[in-house]
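Subject: Structure for your review

Dear colleague,

Please find below the structure that I am handing over to you. My notes on what was found in it follow directly after.

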Amino acid sequence: MVGARSSADQDYLAALKAARAALASGKRAEARRLAQKAAEIAPSTEGPWLFLAAVSEPQAGLAYVARALEINPDNPTARKALRWTMRRLSPQERKEAVREARLPENLVYKIAPWESLALRRLLSVRVFLSAVVLALGVGIWLGNQPADAQQPQVASVPLAKASFTPTPTNTPTATLTPTPTNTPTLTPTATPTITPTRRPNVSWTYSLDPKELAEEGRWIDVNVTRQEVTAYVGATSVRQFVVSTGTRAHPTVIGQFRIYAKYSAAPMSGPGYYLPGVPFIMYFYKGYSLHGTYWHDNFGTPMSHGCVNMRTPEAEWLYDFASLGTLVNVHP
């Protein structure tokens, strides 16, 4: 038993070392694949998840950091990685990514208290300087008034000055302080709230040649025109499925993404619908995912709000095939 454990540790360390070497050589895809291998060998170790966070896009990276913090909330490297990853996201992206990565709000504000937009606004230099300039302007205006004009307002002058002084008595402070509590909104509700009227981010790159993505190891190809999903290992097609992607009103995003969250079952909701227990969900961009489907059998025809609908047994197979960080190549 000890020998087997030692062998697994050696395999983990070897994979992580090889990942670092590949990254140093500029082979980013190879580094990511080796880090995923290390994560499969030692899923309860923070190291590979933090490495994956460093070589991934911010949204997927946050999911990896969340995994590392789930293993060890006190890991100082993971806390630094959280702050670094959050700074790479816009305020709106942070809010969505925190929810999708299932990071507790109290942990986020404890590690990255600057993340509170309200607090940042309250303490911003711009607001402070604006208040100072306004106070000085009022002081100069009052100083230029004739003495007889100031006499009736002697009692009100101190009040006017006080109201423009930037002190912690600003009334918004009570409402702008985030409440660090875990709320039901952090549960994996898997809500695809994105309902674009035109295809977003059509400029994102994608590949039509499997050989170009062979270094990825395992990856997924989504052909929107043919309504097909293909699982690849290197440049070799392993299995192909007929699917239903987004309709013209709610198109599926085009580009290259990475799976950042997986749920064996979770509810989905959006404008005009609620679907409990959607099986084998794999999110690859915001609310877009590959998942099983029990509410229609019209595969081969665009049917969704942007997700990739699959037959449930086939979605289960793909769920087992892919892992966090697996490339999803979506193209016309």
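Predicted model: local features only at pLDDT ≥ 70, side-chain atom pairs only at ≥ 80, totals over all residues.

His291 stands opposite Asn309, which belongs to E8.

**The loop between E7 and E8**

Ser304 is placed in the loop that runs between strand E7 (288-293) and strand E8 (308-311). Its relative accessible area is 5%, so Ser304 is buried. The side chain of Ser304 reaches two backbone nitrogens: that of Gly306 at 3.0 Å and that of Gly246 at 3.2 Å.

With a relative accessibility of 14%, His296 counts as buried, because the cut-off for burial is under 20%. The side chain of His296 makes a polar contact with the side chain of Asn309 at 3.0 Å. A polar atom of the His296 side chain also lies 3.0 Å from the backbone nitrogen of Asn298. Ser244 is 52 residues away from His296 along the chain, and the C-alpha atoms of the two are separated by 9.8 Å.

**Salt bridges**

The count of salt bridges comes to five. Three of them are described here, including the one between the side chains of Arg311 and Asp297, with an N to O distance of 3.9 Å. Arg311 lies in strand E8 and Asp297 in the loop between E7 and E8, so this pair ties together parts that are 14 residues apart in sequence. Arg311 counts as partly exposed, at 32% relative accessibility, whereas Asp297 counts as exposed, at 62%.

Another salt bridge joins the side chains of Arg258 and Glu216, at 2.8 Å from N to O. This pair links distant parts of the chain, 42 residues apart: Arg258 is in strand E4 (residues 255-258), while Glu216 is in the loop between helix H12 (173-176) and strand E1 (218-223). Arg258 and Glu216 are both buried.

The side chains of Glu30 and Arg33 also meet in a salt bridge, with 2.7 Å from N to O. Both residues lie in helix H2 (residues 28-41), and they are three residues apart, about one turn of the helix. Glu30 is partly exposed, with a relative accessible area of 21%, and Arg33 is partly exposed with 30%.

**Helix H2**

How does the span of H2 compare with the 20 Å that its 14 residues should cover at 1.5 Å a residue? The C-alpha atoms at its ends are 20 Å apart, which agrees. The buried residues in H2 include Ala29, Ala31, Arg32, Leu34, Ala35, Gln36, Ala38 and Ala39.

**Strand E1 and its partners**

Five of the six residues of E1 are buried, so this strand is largely enclosed by the rest of the structure. E1 pairs with strand E2 (residues 228-233) in the antiparallel sense, over six bridges. Ile220 has Ala231 as its bridge partner in E2. The hairpin of E1 and E2 has four residues between the strands, and in this hairpin Gln227 takes a positive phi near 55 degrees.

E1 also pairs with strand E9 (residues 327-331), here in the parallel sense and over five bridges. Asp221 has Asn329 as its bridge partner in E9.

Yours sincerely

How values were computed. Residues numbered from 1 in each chain as written. Heavy atoms only, no water. Helix = DSSP H or I, 4+ residues; strand = E, 2+ residues; numbered from the N terminus. Buried < 20%, exposed > 50% of the residue type's maximum accessible area, 1.4 Å probe, protein only. Polar contact = N/O pair within 3.5 Å; in protein donor to acceptor, adjacent residues only side chain to side chain. Salt bridge = Lys/Arg side-chain N within 4 Å of Asp/Glu carboxyl O. Expected span 1.5 Å × (residues − 1). Pairing = 2+ DSSP bridges.
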